[in-house]
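The sequence and the structure are shown first.

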Amino acid sequence: MITKKQKQNLADIVGEDYFSSEKFMTDIYSSDIAALPGIVNDVINPQAEAVAQPTTTEIVSNLLKYCKQHNIPVVPRGHGTSGYGGALPTRGGLVVEMTRLNEIHHIDRDNMTVEVGSGIIWGKLIEDLEDEGLAVAAYPSSAPSSTVAGWVAAGGSGIGSTKYGGISEQVVDLEVVLPDGEVIRTKDTSEEVFKIETGKKVFKGDDNFHWEVSDNVPYSADSTQLFVDSNGTLGIITKVLLKIIPLRNIRPITASFRSQNLMAGALLDILEATRPFYLHFITDKFYRMLRKVDQAPPTTGEFIISCAFEGSDDEIETEIEKLKHIVSRYSGTVESMEVADHEWDERFYPMRIKRLGPSLAPSEVYVPLENLDGYLNHVNKHFKAEEFALEGAITDRGEVAVLTWFPDDERRRISFLTGWYRSLDVINIGLKHGGRAYSIGMWNAAHSRSYYGKDNYAKMSALKRKKDKKGYLNSHKVFPGPLVLSTRLNLLIMVIAGIVAPIVIWLAGILVPSIIQAYVPWVVVNNLPSFLIWFVVGLLVGFIVTEFANLIPISVVLSIGTPFLRFFRKIFH
Amino acid sequence: MTKPYEPLKFEGLDIEPTVCAKCGFCTFVCPAYLDTLWDSQSPRGKLHQLRSLIKDNKPIPSDLAARIFYCTLCGACQEICQTNIPLLRFWQLARQEIGNLNKWPEIVNYIDDSLQQTQNIMEMDQADRTLWTDMVDDLVEDKIGIEAEVAYFAGCNISFKGTLAHMGENTVKVMNAAGVDFTILADEEFCCGNPYFVAGGFENGKELATHNLKALKRLGVKTVVFNCPGCHRAFAEEYPHLLGKEAVEGFEFLPFSEFVLRLLKEGKIKFDKDYPHEVAWHDPCELGRHQNIYNPAREVLNAIPGLKLKEMKHNRNKARCCGGGGLLKGTNPVASVRISARRIEAAEKTGASIMSSECPSCTMSLNDGIEHLESQMKFKDLSQIVAEALGL
């Protein structure tokens with residue numbers, strides 16, 4: 001709980017105009033693009049108490065120093081365009097929104113880099129670089145509204161990643177404000193930053209949650225990659241030094257196929273024979289949904305590959321000729337330029353089909369391209385009773401970021417809640433096919449260790465332990481955190497326990513009186529005072545239950561809960 | 001008394017806040033958001049708040065009502081929307097709901113009173129409708145209220161604001177040079193009703209619409225020419241919506257640019273003089289995004305010898321707003337000027353010395369922006385460029 005005085009102090013640090021604690025404002029900054037089942041509000045506390053929009057690195061540093069000192073939870077936020085919960089508050093606190101750090105500081109043509117404020121929007125950066133005859137090598141499909149550091153913090157791949165890699169390949173250096181307010185440049189990080197002063201083997205990430213880390217973390221001066229993908233748990237990024245490339249022609253081309261395996265085969269060959277800038281597919285289910293919302297131009301087949309090549313006209317022409325041969329080998333059809341342009345323009349619009357829901361439950365996982373066909377077959381079989389759409393984008397590592405969309409209706413509470421299992425199942429199926437989680441955020445925190453790799457995760461944990469022992473900075477993200485039951489749910493559990501306890505005792509007295517008399521004759525409910533006594537005992541038991549519940553990590557709850565959700569979905573759907 | 005959110009529910013748009021993907025694409029094209037950088041000001045933020053209000057049938061609170069009017073209705077949000085939400089209509093109906101709650105901003109109530117009493121937004125006597133003709137008296141003195149196939153509909157801004165009268169003068173000069181037989185309605189011209197449509201006061205606008213169409217029909221008019229895209233949109237889109245398509249049957253409504261282009265193609269006017277200027281073109285929202293009319297003005301400008309058309313980075317359907325739409329000039333004039341200044345900054349980047357458009361509201365706003373920035377750019381309305389290029 002941020003006190004009134006603390007709010008005033010925070011407003012003084014960031015400036016009155018850049019601070020708000022009004023309810024309508026904190027509501028808006030307490031969500032990302034994912035619609036969450038109502039019960040989530042009762043098991044974490046996704047309601048920020050205040051929002052700050054810092055305008056300089058120094059202000060970010062001062063904010064963090066103040067919040068750490070007063071144990072105010074802080075959630076860094078770009079523009080809230082992800083759906084993995086990385087920017088969701090979990091214990092109230094302060095949301096630090098970075099969109100005012102939006103300058104282009106320096107373009108270095110010799111080293112082909114650009115230094116930008118962390119909150120600049122990709123779309124704006126792309127436009128401004130274009131004026132200089134330059135371009136970024138890769139950008140996210142949310143580029144019209146997502147911030148540069150938002151993608152850096154969330155990780156992943158995007159448009160251009162087929163040729164130039166994901167965001168981690170684009171970042172050269174970062175300016176980061178660590179949880180204790182220290183400002184560092186990641187490319188040349190002092191050893192002092194990582195030096196562990198205590199020899200403790202247990203990291204206390206949250207007050208109530210512990211896990212082990214190793215102290216034997218090798219030091220490397222360039223810690224940039226440690227902060228990429230780290231969801232703002234290790235610090236708040238304030239500047240990003242990105243690779244840039246010369247602005248060159250981009251020509252899209254689209255091909256359609258009659259079946260999934262032909263499409264999957266063609267994708268493999270295209271990646272082997274050419275170097276596309278962008279390589280993306282949608283399956284028949286997605287195509288049909290797009291048709292329902294008037295966004296599918298007529299094509300010969302319903303399995304669509306959209307591709308774009310970048311380079312000189314001659315280079316592009318050569319690549320397109322190769323692609324045409326592959327398409328014909330797989331009995332596909334190269335569609336018209338109008339279709340290709342349409343698909344290229346639609347690269348920013350994966351959620352067109354949301355209108356069919358009107359909600360969408362998404363899930364994304366990386367799968368090796370050679371296993372794509374098997375993975376898609378598995379998903380199709382697993383969710384045969386569900387309506388869903390599949391699309392994917394291929395990266396330079398030969399992986400496919402497969403995105404599954406389940407149209408749903410958040411207004412139907414129970415069915416929407418039970419449908420949550422699908423998002424978790426998609427990832428598990430992906431793992432079975434040699435894949436990995438796409439991004440960690442909050443909902444995939446259970447996969448952190450395998451996602452980051454043992455060594456990297458150990459380094460991250462060590463830094464977290466050193467700089468943010470209490471886990472005030474973006475708690476529950478990357479490092480799993482426990483439930484934060486709402487007061488409403490706490491009281492409900494206590495009252496239910498209070499009522500159930502005397503009723504159970506009363507029923508036991510009727511059903512098995514001999515056992516009660518023999519072993520616990522003092523356990524009896526036969527009048528109002530005894531009912532009240534056991535009601536109070538029940539309340540206390542309920543209280544203990546809630547305290548225990550507040551120790552259970554969300555990731556564990558999700559793992560245990562998924563089979564139940566799946567079971568209830570079958571009943572209610 | 002209407003039921004909560006009846007305007008939105010009647011048109012089935014009450015679900016749209018739930019359809020919103022919260023992707024935020026609308027934020028960085030929204031002039032109001034860019035003015036504040038607070039999400040509460042963006043379409044996404046407003047929809048977020050409306051979603052739970054509509055669900056719970058709770059009335060729009062005053063602060064949200066004010067924010068819904070802190071919007072130029074430029075339609076950039078609709079253009080970029082991930083889920084194709086008809087946001088222009090949505091905001092109009094949300095404003096209607098605000099009107100139903102008697103929470104219209106003071107300026108809207110003032111305009112409402114003015115329109116009820118004087119049939120124009122300036123609260124001036126209808127007899128002064130021809131004030132703008134002072135400088136072209138000789139060209140219009142025998143055109144008032146006569147029967148003709150072509151009518152020039154000046155609109156309230158041009159009729160009553162001296163700084164905009166030149167638009168009417170130039171149009172009349174061009175018509176005269178082309179030998180067009182035209183009429184003007186003078187005091188029979190009532191406000192087109194656009195301020196009502198923008199504020200969601202559709203029923204109030206009905207009477208004005210009916211009167212204007214009746215007056216035009218009485219004079220045997222077939223083609224109505226407008227300098228004001230707001231008036232044009234009211235006639236071309238709102239009137240049929242409000243009164244039925246049959247009410248506008250037999251009429252064609254032309255913006256100035258389209259009318260001039262027709263005169264050019266028919267050979268009734270010809271640009272002979274050299275006009276050695278670079279011109280940055282600003283697409284008025286109510287003509288461009290709202291009605292998908294982008295080319296006529298460009299064709300006219302390209303037909304002028306020596307004139308070099310310079311496109312701004314954000315043009316056509318991606319053009320940014322001048323800050324003058326949606327009644328923002330009345331509800332939040334300071335913000336409106338800041339938005340205008342941003343558009344001027346973008347125009348300066350083209351290197352052009354002149355900025356042009358065809359809209360009285362854009363003219364006012366962009367001139368304010370030039371003044372605010374102390375820019376060296378000059379703003380010239382399309383009619384002015386055409387008249388100068390024709391040597392009129």
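The model is predicted. In it, 21 residues of chain B are in contact with 29 residues of chain A. On the side of chain B that touches chain A, the elements that give two or more residues are α2 (16–19) and α4 (43–55) of chain B, and α4(B) gives the most, with three residues. The table sets out the composition of that side by class.

| Class, side of chain B that touches chain A | Residues |
|---|---|
| Nonpolar | eight residues |
| Polar | ten residues |

R352(A) lies in the loop between α14 (337–345) and β17 (359–368) of chain A. R352(A) counts as buried because 23 other C-beta atoms lie within 10 Å, where the cut-off for a buried residue is 20 or more. Leaving out residues up to four places away in sequence, R352(A) touches Q82(B) and T83(B) as well as L290(A), V293(A) and Q295(A). The C-alpha atoms of R352(A) and V293(A) are separated by 7.3 Å, although the two residues are 59 residues apart along the chain.

In soluble globular proteins, nonpolar side chains tend to be buried together. Here the largest nonpolar core has 257 residues, and L63(A), L94(A), V96(A), V152(A), V240(A) and L267(A) have the most contacts inside it. Neighbours within four places in sequence aside, the contacts of L94(A) include I2(A), L10(A), A48(A), C67(A), I72(A) and V74(A), and also E49(A). A second, separate core has six residues, among them L483(A), V484(A), L485(A) and I554(A).

Terms used
Residues numbered from 1 in each chain as written. Chains lettered and ligands numbered in written order. Predicted model: local features only at pLDDT ≥ 70, side-chain atom pairs only at ≥ 80, totals over all residues. Contact = placed C-beta atoms within 7 Å. Helix = DSSP H or I, 4+ residues; strand = E, 2+ residues; numbered from the N terminus. Nonpolar A, V, L, I, M, F, W, Y, C, P; charged D, E, K, R; others polar. Core = buried A, V, L, I, M, F, W, Y, C linked by C-beta atoms within 7 Å. Buried ≥ 20, exposed ≤ 12 C-beta atoms within 10 Å, placed from the backbone.
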